[in-house]
Amino acid sequence: MAKEVKAENIVPMDHDQIYQVSTQMGRSMIAVIDAIAQRGGFRGEELSTIGQLRDQCVKAISLGENYEAQK
């Protein structure tokens, strides 16, 4: 059973943290997608969705790297 998250328990993050976490998550997700794809773990009908997710992760990494470069 999932734990309920209450608004008062959420700690606000600054932009640096958000971009850093997004970049890390994007890199991790790409590694997972690539590993599963290499092992033949996706069905054909899943490939377009998986490809879109991977593209979104690449975009998140790019945004994070551009943010870091502008600091």
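## Crossing of the two helices

Helix 1 crosses helix 2 with left-handed geometry. The contact draws on His 15, Asp 16, Tyr 19, Ser 22, Thr 23, Gly 26, Arg 27, Met 29, Ile 30, Ile 33 and Asp 34 from helix 1. From helix 2 it draws on Ile 50, Leu 53, Arg 54, Cys 57, Val 58, Ala 60, Ile 61, Leu 63, Gly 64, Glu 65 and Tyr 67. By residue class, this contact of helix 1 with helix 2 comprises 12 nonpolar, five polar and five charged residues.

Two packed helices are described by the angle between their axes and the distance between the axes. Here, helix 1 (residues 15-38) and helix 2 (residues 47-70) pack at an angle of about 145°, and their axes lie 8 Å apart. The model under discussion is a predicted one.

## The chain as a whole

Two helices and zero strands are found in the chain. The chain contains 71 residues, of which 13% count as buried. Its accessible surface amounts to about 6000 Å², and carbon and sulfur atoms account for 55% of that surface.

## Helix 1

Helix 1 has 24 residues, which at 1.5 Å a residue should span 34 Å; the C-alpha atoms at its ends are 34 Å apart, in agreement with that value.

The buried residues of helix 1 are Thr 23, Gly 26, Ile 30 and Ile 33, and these pack against helix 2. An α-helix has 3.6 residues a turn, so residues three or four places apart point the same way.

Val 21 also belongs to helix 1. Is this residue buried or partly exposed? Val 21 counts as partly exposed because its relative accessible area is 31%, whereas buried means under 20%. The C-alpha atom of Val 21 is separated by 8.8 Å from that of Gly 64, which is 43 residues away along the chain.

## Helix 2

For helix 2, the 24 residues should span 34 Å at 1.5 Å a residue; its end C-alpha atoms are 35 Å apart, which agrees. The buried residues of helix 2 are Ile 50, Cys 57, Ile 61 and Gly 64. They pack against helix 1.

Leu 53 is located in helix 2. Its relative accessibility is 30%, so Leu 53 is classed as partly exposed. Which residues does Leu 53 touch, not counting those up to four places away in sequence? They are Met 29 and Ile 33. Leu 53 and Met 29 are 24 residues apart in sequence, with a C-alpha to C-alpha separation of 8.6 Å.

Methods:
Residues numbered from 1 in each chain as written. Predicted model: local features only at pLDDT ≥ 70, side-chain atom pairs only at ≥ 80, totals over all residues. Heavy atoms only, no water. Axes fitted to C-alpha atoms, helices over the stretch in contact; angles between N-to-C directions. Helix = DSSP H or I, 4+ residues; strand = E, 2+ residues; numbered from the N terminus. Left-handed = near helix turned anticlockwise from the far one by under 90°. Contact = heavy atoms within 4.5 Å. Nonpolar A, V, L, I, M, F, W, Y, C, P; charged D, E, K, R; others polar. Buried < 20%, exposed > 50% of the residue type's maximum accessible area, 1.4 Å probe, protein only. Areas by Shrake-Rupley, 256 points an atom, 1.4 Å probe, with all protein chains shown as cover. Expected span 1.5 Å × (residues − 1).
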